[in-house]
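Biologist: I would like a close look at one part of this protein, namely its salt bridges and the helix that takes part in them. Please set that part in the context of the whole chain.

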Amino acid sequence: MRIVNAILAKVDNVHVQLEHNTVETTWEKHGEIELRLTLADGSEDAEKILYDQDYQHNRNYSSMTTKAEEIAAEVEEFLLSCNKKRGESGETASLTDNEK
């Protein structure tokens, strides 16, 4: 939830949906997250905007909060660039956090 809370605190007018991937991973290779952006009306396919292969890995536990804030800043920057491209059309974006 750290990453969700960081995104919601940093970015206005965004919805976050968590999806859990049930694929089993190994001890060495687990904890990845993938963030995708979709329009609220579902008119466009999700666009991957961020991937971190071991965000949730145990070895990164002490840096999760800092990393979540960095990711939220990247999301904010990405959404701002999308709004500029769309000419401030007022469309609502929806972010999917695909936790693996």
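This is a predicted model: local features need pLDDT of at least 70, side-chain atom pairs count only at pLDDT 80 or more; totals for chains, interfaces and linings use all residues.

Modeller: Aspartate 52 belongs to strand β3 (residues 47–52) and lysine 67 to helix α2, so the bridge ties together parts that lie 15 residues apart in sequence. The two partners can be set side by side by their accessibility. Aspartate 52 counts as buried because its relative accessibility is 11%, under the 20% limit. Lysine 67 has a relative accessibility of 28% and therefore counts as partly exposed.

By the rule applied here, the count comes to four salt bridges. Another of them joins the side chains of glutamate 76 and lysine 10, at 3.5 Å from N to O. This pair links distant parts of the chain, since glutamate 76 sits in helix α2 and lysine 10 in helix α1, 66 residues apart. Glutamate 76 is partly exposed, with a relative accessible area of 26%. Lysine 10 is also partly exposed, with a value of 39%.

A further salt bridge is formed by arginine 59 and aspartate 54, whose closest N and O atoms are 3.2 Å apart. Arginine 59 is exposed because its relative accessible area, 52%, is over 50%. Aspartate 54, by contrast, is buried, with a relative accessible area of 19%. As a general point, side chains of opposite charge can pair when their charged atoms come close.

Together with Glu69, Glu74 and Glu77, Glu70 makes up a patch of negative charge on the surface. Glutamate 70 has a relative accessibility of 42% and so counts as partly exposed.

Along the sequence they follow the pattern α-β-β-β-α-β. Of the 100 residues in the protein chain, 34% are buried.

How values were computed. Residues are numbered from 1 along each chain as its sequence is written. Side-chain values use heavy atoms; hydrogens and water are left out. Patches are made of residues with over 30% relative accessible area and no salt bridge: like charges are joined within 9 Å, nonpolar side chains (Val, Leu, Ile, Met, Phe, Trp, Tyr) within 5 Å. Accessible areas come from the Shrake-Rupley method with a 1.4 Å probe; for residues, only the protein chains shown count as cover. Lys and Arg count as positive and Asp and Glu as negative; His and the chain ends are not counted. The place of a charge is taken as NZ of Lys, CZ of Arg, CG of Asp or CD of Glu. Buried means under 20% relative accessible area, exposed over 50%, partly exposed in between (1.4 Å probe, protein chains only). Helices (H or I, at least four residues) and strands (E, at least two) are DSSP runs, numbered from the N terminus.
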